[in-house]
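Welcome, and please take a moment to look over the chain and its fold. The report that follows walks through its spaces and its side-chain pairs.

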Amino acid sequence: MTRRCCSLGLLTALLASGCEDPTSAARIESLGPEPGDYPVGPNHRPGQPCTWCHSEGGNAEPFELAGTIFLRPGSRAPATSVRVRLFGPDGKQRSALTNDAGNFFFRRGELGLSHPLWVKLEGQGQLRAMQTPLRRERSCAGCHRDPAGPSSAGHIYLLEDP
């Protein structure tokens, strides 16, 4: 009986460890420790790729799409209460408001739109539209990392520099 229990326990442990996606785990690990002033929650990790953790197989509640809006280029100041509007190819739309960290997200089942998606930002009397559609990326920081360069458009911001 003891040998059977040990074998069953070992098999369970091997199966559980084999379910983790090593690529996903490495991406999550690369984010490093929790930065900034916000505790883990809706305001944490502004500007980082949300869906690396918030995905199937990640270590947090899955999001369908998520990101951060900053106030100005080169600034880490969040753009709060900005309406992020997403438009699907069939004309349907959904929106979310940014929180105190500039973060917004759509939980599993909330988005209900198919790709490609068009994006508009509305806040502080400004309207900004993304010039290209989202084709499949679910995390804004997947393409909008800091600093801007050949492989990144830079962070998303609401206001132009004066």
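Which residues line the largest cavity? The lining is made up of G47, Q48, G67, T68, F70, C140, A141, H144, H155 and I156.

## Before we start

This is a predicted model, in which local features need pLDDT of at least 70 and side-chain atom pairs count only at pLDDT 80 or more, while totals for chains, interfaces and linings use all residues. Residues are numbered from 1 along each chain as its sequence is written, and side-chain values use heavy atoms, with hydrogens and water left out.

## The chain at a glance

The protein chain has 2 helices and 6 strands. Here helices (H or I, at least four residues) and strands (E, at least two) are DSSP runs, numbered from the N terminus. Read from the N terminus on, the elements follow the order α-α-β-β-β-β-β-β.

Of the 162 residues of the protein chain, 35% count as buried. Buried means under 20% relative accessible area, exposed means over 50%, and partly exposed lies in between (1.4 Å probe, protein chains only). Now take the contacts (heavy atoms within 4.5 Å) between residues at least 6 apart in sequence: 52% of them join residues at least 24 apart.

## The enclosed space

Back to the cavity. On a 1 Å grid over the protein atoms alone, a cavity is a set of points where a 1.4 Å probe fits but cannot get out, and lining residues have an atom within 4 Å of a point. Grid points are joined across faces, edges and corners, and a volume is the space filled by probe spheres set on the points. The model has 1 cavity of 30 Å³ or more, and the largest cavity holds about 50 Å³ of space. Its lining has 4 nonpolar, 6 polar and no charged residues. In this grouping Ala, Val, Leu, Ile, Met, Phe, Trp, Tyr, Cys and Pro count as nonpolar, Asp, Glu, Lys and Arg as charged, and the others, Gly among them, as polar.

One of the lining residues is Q48, which sits in the loop between α2 and β1. Is Q48 buried or exposed? With a relative accessible area of 18%, Q48 is buried. The side chain of Q48 makes a polar contact with the side chain of R45 at 2.8 Å. A polar contact is a pair of N or O atoms within 3.5 Å; within protein, one must be able to donate a hydrogen and the other to accept it, and residues adjacent in sequence count only if both atoms are side-chain atoms. Leaving aside residues up to four places away in sequence, Q48 touches L31, P35, S139 and A141.

## Two open pockets

A pocket is an open set of grid points with protein on both sides within 12 Å along at least five of seven lines. The largest pocket has about 470 Å³ of space. Of the 26 residues that line the largest pocket, M130, Q131, H144, A153 and I156 are the closest to its centre. The elements that give two or more residues to this lining are β2, β5 and β6. By class, the lining of the largest pocket divides into 16 nonpolar, 6 polar and 4 charged residues.

The second largest pocket has about 400 Å³ of space. Among its 24 lining residues, the closest to the centre are G41, H44, C53, H54 and A60. Both β1 and β4 supply at least two residues of this lining, and the largest share, 4 residues, comes from β4. The lining of the second largest pocket has 12 nonpolar, 8 polar and 4 charged residues.

## Salt bridges across the chain

How many salt bridges does the whole structure have? A search finds 4, where a salt bridge is a side-chain nitrogen of Lys or Arg within 4 Å of a carboxyl oxygen of Asp or Glu. In one of them, the side chains of E61 and R107 meet at 3.0 Å, N to O. E61 lies in the loop between α2 (22-30) and β1 (63-68) and R107 in strand β4 (residues 103-107), so this pair ties together parts that are 46 residues apart in sequence. E61 is partly exposed at 38% relative accessible area, and R107 is partly exposed at 35%.

R85 and E122 form another salt bridge, with their closest N and O atoms 2.8 Å apart. R85 in strand β2 (residues 83-87) and E122 in strand β5 (residues 118-123) are 37 residues apart, and the pair links distant parts of the chain.

E160 and R128 also form a salt bridge, the closest N and O atoms being 2.8 Å apart. E160 lies in the segment after β6 (126-129) and R128 in strand β6, so the pair ties together parts that are 32 residues apart in sequence.
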